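Here is a quick tour of a helix and a handful of charged side chains. Have the model open while you read.

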Amino acid sequence: MQVKHVLNEGYSIKEAYVLDNHLCKFNENIKPIPVLKSIDSEEYTIILACLDVNICREIEKDIYLYSKNPDILYLESVKDKIEQKDKTENGVEKDDWRQINRPVVGKYSFGSLCSNCLVESIGAF
């Protein structure tokens with residue numbers, strides 16, 4: 001909603017739709033993403049204003065599922081995170097990252113081992 005406010009107040013741009021699969025249940029002005037099937041999405045630019053990269057990816061998949069050739073803009077901070085996540089995960093190539101066996105650290109572990117990118121989880125057993 002902050003992006004909507006900036007567009008409306010700062011640039012006098014009125015949005016055509018606000019899409020959110022969860023908030024649409026509580027506010028009739030907010031539409032679910034499948035509404036993209038019924039509109040010509042080539043006439044619109046979709047601003048993907050989500051700060052969580054994983055959720056952003058899910059929404060992006062839905063957008064491509066329901067619309068043809070969407071024009072998507074990302075928030076700059078999220079765009080950087082998405083590009084970084086696609087290229088590497090903490091310096092390890094994405095495909096190689098899944099093949100690494102990461103140790104599980106115990107309850108009394110401390111120091112640099114706990115904040116290492118190769119550690120899967122920390123906790124009591």
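## Burial and the charged trio

A residue counts as buried under 20% relative accessible area, as exposed over 50%, and as partly exposed in between. The model here is a predicted one. With those cut-offs, Lys 4 comes out as partly exposed, because its relative accessibility is 28%. Glu 15 has a relative accessible area of 19%, so it is buried. Lys 14, at 63%, is exposed.

Glu 15 and Lys 4 pair up in a salt bridge, with N and O 3.0 Å apart. Glu 15 sits in the loop between helix H1 (2-11) and strand S1 (18-19), while Lys 4 belongs to helix H1, so this pair ties together parts that are 11 residues apart in sequence. Glu 15 also forms a salt bridge with Lys 14, where the closest N and O atoms are 3.1 Å apart.

## Helix H2: length and faces

Now over to H2, which covers residues 53-66. How far apart are its end C-alpha atoms? They are 20 Å apart, and that agrees with the 20 Å that its 14 residues should span at 1.5 Å a residue.

On the inside, Val 53, Cys 56, Glu 60 and Ile 63 of H2 are buried. Look down the helix axis and the buried residues of H2 fall within an arc of 70°, so they line one face. The face turned away from that buried side carries Glu 58, Lys 61 and Leu 65, which are exposed.

Glu 60 is buried because its relative accessibility is 12%, whereas Arg 57, at 25%, counts as partly exposed.

## The salt bridges together

How many salt bridges does the structure hold? There are three. Which residues do shared partners join into one network? Lys 4, Lys 14 and Glu 15 are linked this way. As for why such pairs form, side chains of opposite charge can pair when their charged atoms come close.

Terms used
Residues numbered from 1 in each chain as written. Predicted model: local features only at pLDDT ≥ 70, side-chain atom pairs only at ≥ 80, totals over all residues. Heavy atoms only, no water. Helix = DSSP H or I, 4+ residues; strand = E, 2+ residues; numbered from the N terminus. Expected span 1.5 Å × (residues − 1). Buried < 20%, exposed > 50% of the residue type's maximum accessible area, 1.4 Å probe, protein only. Arc of directions from axis to C-beta. Salt bridge = Lys/Arg side-chain N within 4 Å of Asp/Glu carboxyl O.
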